[in-house]
Amino acid sequence: MIESLLQVVGFVALLAVLVVALELYLHAHFTQFDKRWFLPGMALGVPALALAGIFFSTEGRPDPGWTISLIGGLCVAEFLVALFFRYYVRGKHSLPIMMLAPGLLGLILLIVYPLIFEVYLAFHDLKLTTVMAWSGTGALPFVGFKQFCKVFVSSPLSGVTFFQLFLRTVWWTFINVVCHVVGGFALAILLNNQIRFKGIYRTFLVIPWAMPQVVAVLALRGEFHSQYGFINVMITRLLEWLPWLSRLGAEPVQWLSFHPLLTCTLINIWLGIPFMMVIILGGLQSISRHYYDAAAIDGASAFQQFRLITLPLLRPVLAPAITLGSIWTFNNINVIYLVTGQAGGTEDADILVSALYKAAFTYYRYSYSAAFAIVIFLILFTLSLLWVRYSKGTESAYG
Amino acid sequence: MRRLSRTLVPLACLAVLSGCRPPEAPPSARTIVLWEQEDASVFPFLDQVFSGFRKLPGNEDVRIVRTHYHTEDLRQQFLTASIAGSPPDLIMGPSDSAGVYSVAGFVLPVDGLFDLSRFNQPVVEAISLDGKTWGIPLTNGNHLMLFYNKRLAPVPPRNTAEFFEYCAQKAPKLGLQHCLALNIAEPFWLMPWVGAYGGWPIDNKTPTLDTPAMRKSIAFVLELIRRKFVPAECDYNCADALFKEEKTAFLINGDWAISAYQEKFGQDLGVARIPMLSETGRWPSPMISGKYLMLSSKLKGEKLDLVRRLVEFFVNEENQVAQVGALQRLPSLTRAAASPVIQQSPVLKNSMAQIQVGRPMPMATEIRAVWDAVRPLLGRAIIGKMTPEEAAAQMQRDALSKIQEMND
């Protein structure tokens with residue numbers, strides 16, 4: 001426990017040292033750019049420090065070829081950076097750039113670099129049999145658009161094609177988001193009234209969203225068991241109480257076997273409603289009572305008030321929430337993975353991302369998976385763009 | 001003067017740092033990183049072995065860092081870490097992932113490093129591929145067997161006819177809704193029956209799923225469900241819970257669960273071979289492998305030597321016998337298998353009897369495609385969306401297509 005804690009503290013300290021080094025580096029470029037020694041000093045000093053770091057980290061035994069090329073590259077790169085600071089930046093905007101630099105560096109390392117690497121992978125051929133050659137030589141065979149073609153003609157699943165999978169994913173997203181919004185709206189409107197114990201209700205309603213998703217999903221998965229789950233136990237009790245329902249064909253359901261996608265959908269609706277409720281409740285509470293008072297004086301009915309005041313004024317809150325909800329639901333692997341079995345399970349509940357996961361981590365088709373991920377990204381990007389334009393979500397409610 | 005100092009100070013720092021000599025034995029060379037996927041109940045035994053190793057002369061400064069992962073996570077994390085160039089030194093796990101590691105070149109073949117003739121040969125065979133051995137066996141088994149609750153069934157059925165008789169007549173009298181808890185969702189639990197019908201899911205690297213044995217095995221499982229001898233929609237946790245809650249008299253599960261059931265049932269726990277299939281007169285043949293230590297292909301020089309010594313210590317006779325006592329797992333070392341601890345324990349003796357009719361688990365990477373082809377279609381057959389014949393034919397087609405996709 002203490003060792004783990006020390007590791008975390010050490011990691012945070014390392015990050016802090018890196019941030020300080022970055023800020024010192026920038027500070028030197030902003031304040032010393034007009035000195036005569038600036039260009040040669042930086043072009044030699046930064047690689048020299050890097051060389052010292054390499055010696056230290058390799059315990060005095062660096063790889064000569066790799067080190068020479070790295071130091072040479074650093075010399076040239078730092079010279080160009082120093083030129084840029086000396087003749088173009090000239091000490092301007094030092095504060096905002098220094099404030100933004102750590103965040104920007106983090107974004108580059110955690111988002112930009114993986115994205116570029118993913119595009120690189122998608123045009124090459126990395127799979128189980130080429131992994132070793134790649135890690136040894138760093139070279140992969142270039143295959144052009146072959147992986148992208150495979151995405152559309154060779155599904156990672158046995159019985160479901162890419163287009164069937166795509167339609168299923170769109171349907172899954174649509175049903176989930178509609179239910180999240182409708183359910184969230186209904187609960188938010190109820191909570192927006194002056195009712196007793198409102199805080200308690202709100203706390204209970206937020207629980208599914210606030211608890212770790214793994215715990216929530218696995219707990220609810222158990223409740224869908226055909227024999228021992230709460231839902232079927234209740235159905236059985238109901239049939240004992242109202243036997244005529246059996247004659248109408250009502251009976252306990254094998255949820256996980258016969259209706260895995262429906263089960264996943266029900267669980268995901270339960271998980272998603274609280275988020276929408278919180279967002280919509282926030283929006284409702286920001287609408288001034290004066291609009292409703294004025295509308296009431298003009299004789300507007302409750303429905304007219306809802307349609308002409310509540311909905312338009314909620315649009316700036318609702319449109320981004322729906323966009324986010326759609327992206328999260330479209331990419332929601334957790335519920336599918338946890339409900340239908342971590343080792344692969346049924347294919348009847350798979351959506352695009354869960355199929356992508358199988359291609360990458362069951363069959364080790366890394367380049368194919370990278371191309372698949374880019375296709376999913378482009379689909380989502382296009383759909384989101386269309387939705388934002390159609391819903392005018394970026395426009396002000398009062399504009 | 002200031003200008004001079006600005007030039008000299010960085011140069012002096014550089015000279016000081018460049019002059020740093022590596023220590024005689026760098027700390028990383030004395031640290032062994034091991035990743036495992038064991039149950040929490042196994043941790044004390046592992047830590048005890050590591051502590052014993054560090055007490056040996058010359059090993060006082062050795063540090064062993066053990067990190068736990070779930071089975072699937074271990075496979076993915078090891079692959080990712082190996083691709084990134086910083087894998088652990090050792091991984092401890094079953095053999096089914098070793099095929100992937102060996103094809104990718106992430107583990108070392110151990111043939112020249114260890115004397116493999118000391119181990120039980122089937123368990124070595126289960127981690128051999130393309131003429132090389134890719135891990136050192138720690139345990140012998142990882143196999144399925146029949147567990148029974150002596151309070152509900154004092155004597156285990158010897159064959160399926162006796163088993164059916166118990167389920168049809170005695171179980172209802174005892175108020176049991178089902179008599180056998182079986183993880184029907186996983187193909188691993190289907191394979192003993194495939195073996196009993198004279199088949200096997202893979203022949204070298206070619207799937208053999210569209211066979212009479214597979215069709216009959218699926219039909220057999222369907223029959224168990226139809227007659228309500230096993231519950232429908234039952235996965236591993238469900239089967240485990242039913243048996244522990246005494247809602248079934250029998251359970252088919254692996255040797256990894258022995259100690260947990262012994263703790264729960266004590267003397268009332270019985271272990272036996274999975275009943276012989278009366279229809280063919282053959283014993284069901286569970287897949288046999290074990291737990292293995294696999295060495296990262298990045299190991300070399302002094303570090304490799306240190307890791308090799310740790311592995312040798314781990315599988316010495318004393319630790320192998322201690323493992324039997326602590327974990328109730330059969331040893332991989334031939335000499336340790338003759339230990340009185342095993343001979344005097346009916347549970348371990350019967351576990352060993354089950355191994356004798358098992359078959360080595362295939363290690364080829366193609367087995368992954370077999371599992372993923374069988375799993376969904378077995379599910380479809382169970383819910384009646386396919387006949388056993390259709391399911392078996394489709395399994396074969398899917399497995400071949402997945403293998404082609406993997407290699408394409």
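Colleague: Is B:Met386 buried or exposed?

Modeller: This is a predicted model, and a residue is called buried when its relative accessible area is under 20%. B:Met386 has 18% relative accessibility, so it counts as buried.

Colleague: Where in chain B does B:Met386 sit, and which residues is it in contact with?

Modeller: B:Met386 lies in the loop between α16 (366-382) and α17 (388-407) of chain B. Leaving aside neighbours within four places in sequence, B:Met386 is in contact with B:Leu377, B:Arg380, B:Ala381, B:Ala391 and B:Gln394.

Colleague: Let's turn to cysteines. Which residues does B:Cys167 and its disulfide involve, and how far apart are the sulfur atoms?

Modeller: In general, a disulfide is a covalent bond between the sulfur atoms of two cysteines. Here B:Cys167 pairs with B:Cys179, with 1.7 Å between their sulfur atoms. B:Cys167 belongs to helix α6 (residues 160-173), while B:Cys179 is in the loop between α6 and β8 (180-181), 12 residues apart. B:Cys167 is buried at 5%, and B:Cys179 is buried at 1%.

Colleague: What is the handedness of the disulfide of B:Cys234 and B:Cys238?

Modeller: Look at the torsion about the S-S bond: for B:Cys234 and B:Cys238 it is about -95 degrees, so this disulfide is left-handed. The link of B:Cys167 and B:Cys179, with 70 degrees, is right-handed.

Note on methods. Residues are numbered from 1 along each chain as its sequence is written. Chains are lettered from A and ligands numbered from 1 in the order in which they are written. This is a predicted model: local features need pLDDT of at least 70, side-chain atom pairs count only at pLDDT 80 or more; totals for chains, interfaces and linings use all residues. Side-chain values use heavy atoms; hydrogens and water are left out. Helices (H or I, at least four residues) and strands (E, at least two) are DSSP runs, numbered from the N terminus. Buried means under 20% relative accessible area, exposed over 50%, partly exposed in between (1.4 Å probe, protein chains only). Contact means heavy atoms within 4.5 Å. A disulfide is a pair of cysteine sulfur atoms within 2.5 Å.
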